Amino acid sequence: MKVGGSAGVPVGATAVVLNLTVTNPTLGGYPTAHADGTARPPVSNVNFAPGQTVSNAVIAPVGADGKVSLFANATTDVVVDVTGYFTAATADAGR
């Protein structure tokens, strides 16, 4: 999903803060958010059981193309809200 240059996130953002909400899953599982164009990490961002609605705050890196990839290992609806972002300038602000 495109985040860089969308909804107030600047082009060049290095990471985004997301609220991932899973709803209507048919099986138990998990989604994983990661930088587009990179290997999916072996971690979950939120775990769910059939029929649950659950959410979690996630910090996900942004790919060079300004996108974040989402993977889910079960059929489910995923609602993604962008609540913040990081840039290289943000990382240097404490120096």
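This is a predicted model: local features need pLDDT of at least 70, side-chain atom pairs count only at pLDDT 80 or more; totals for chains, interfaces and linings use all residues.
Colleague: What makes a residue count as buried, and what percentage of the protein does?
Modeller: Buried means under 20% relative accessible area. Of the 95 residues of the protein, 35% count as buried.

Colleague: Which elements does the protein have, and in what order do they run?
Modeller: There are one helix and five strands. From the N terminus on, the run is β-β-β-β-β-α.

Colleague: Why are strand 3 and strand 5 said to stand at the edges?
Modeller: Three strands form an open sheet in the order 3-1-5, with antiparallel pairing. Strand 3 (54-61) and strand 5 (77-86) each have a single partner strand, so one side of each is left without a neighbour in the sheet. Neighbouring strands of this sheet are turned by 25° against each other on average, direction ignored.

Colleague: How do you know that strand 1 and strand 5 pair?
Modeller: Pairing needs at least two bridges. Strand 1 (residues 15-23) and strand 5 pair over nine bridges, in the antiparallel sense. The count therefore meets the cut-off. Within this pairing, Val17 stands opposite Gly84 in strand 5.

Colleague: What share of the contacts with a separation of 6 or more comes from residues 24 or more positions apart?
Modeller: Such residues account for 74% of those contacts. A contact here means heavy atoms within 4.5 Å.

Colleague: How many charged side chains are there, and how far apart do the centres of the two sets lie?
Modeller: The protein has 4 positive and 5 negative side chains. The two centres lie 7 Å apart.

Terms used
Residues are numbered from 1 along each chain as its sequence is written. Side-chain values use heavy atoms; hydrogens and water are left out. Helices (H or I, at least four residues) and strands (E, at least two) are DSSP runs, numbered from the N terminus. Buried means under 20% relative accessible area, exposed over 50%, partly exposed in between (1.4 Å probe, protein chains only). Lys and Arg count as positive and Asp and Glu as negative; His and the chain ends are not counted. The place of a charge is taken as NZ of Lys, CZ of Arg, CG of Asp or CD of Glu. Axes are lines fitted to C-alpha atoms, for helices over the stretch in contact, and angles run from 0 to 180 degrees between N-to-C directions.
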